[in-house]
Amino acid sequence: QVQLVEFGGGSVQAGGSLRLSCAASGTFNRYNMGWFRQAPGKEREFVVLISVSGRDTYFGDSVKGRFTISRDNPKNTVYLQMNSLKPEDTAVYYCAAGVNWSKEASKYAYWGQGTQVTVSS
């Protein structure tokens, strides 16, 4: 099992940057890690995922070229660097852990509580 806690959300103006962290306890280095987001009234959306080793990543189309993901396995932490933020990036961001390589939220067994990101125009 793994427990996940997100940090780093906040408010920023359009064009700005934020870095989210997801700290894990448990068997972190057995899981692919994903970031998802959910805006009010919308379904949860896939953002990006990273493999166990960190060598492979897969980005959602809406964030490609603006967001990067990395993980530090000895520190049990995964990072989401968000640049060139847009108002439509406003959402609660969740990190998730799963054994499958998938952009489907249902494939992830463990979830953090989420952190709010608000981008103003």
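Biologist: Is the disulfide of C22 and C95 right-handed or left-handed?
Modeller: Bear in mind that this is a predicted model. The sulfur atoms of C22 and C95 sit 2.0 Å apart, within the 2.5 Å cut-off for a disulfide. The torsion about their S-S bond is about 55°, so the disulfide is right-handed.

Biologist: And how many residues apart in sequence are the parts that this pair ties together?
Modeller: C22 belongs to strand β3, residues 18-26, and C95 to strand β9, residues 91-98. The pair therefore links parts whose separation in sequence is 73 residues.

Biologist: Are C22 and C95 buried or exposed?
Modeller: Buried here means under 20% relative accessible area. Across the protein, 44% of the 121 residues count as buried. As for C22 and C95, both are buried.

Biologist: How many strands are there in the protein?
Modeller: Reading along the sequence, you get the pattern β-β-β-β-β-β-β-β-β-β-β. There are zero helices, and the strand count is 11.

Biologist: What radius of gyration does the protein have?
Modeller: The C-alpha trace spans about 40 × 25 × 25 Å along its principal axes. For 121 residues, a compact globule would come out near 14 Å, and the protein agrees with that, having a radius of gyration of 13 Å.

Biologist: Last one: how far apart are the mean positions of the positive and negative charges?
Modeller: The protein has 13 positive and 9 negative charges.

Definitions and conventions. Residues are numbered from 1 along each chain as its sequence is written. This is a predicted model: local features need pLDDT of at least 70, side-chain atom pairs count only at pLDDT 80 or more; totals for chains, interfaces and linings use all residues. Side-chain values use heavy atoms; hydrogens and water are left out. Helices (H or I, at least four residues) and strands (E, at least two) are DSSP runs, numbered from the N terminus. Buried means under 20% relative accessible area, exposed over 50%, partly exposed in between (1.4 Å probe, protein chains only). The radius of gyration is taken over C-alpha atoms; the globule rule is 2.2 Å times the number of residues to the power 0.38. Lys and Arg count as positive and Asp and Glu as negative; His and the chain ends are not counted. The place of a charge is taken as NZ of Lys, CZ of Arg, CG of Asp or CD of Glu.
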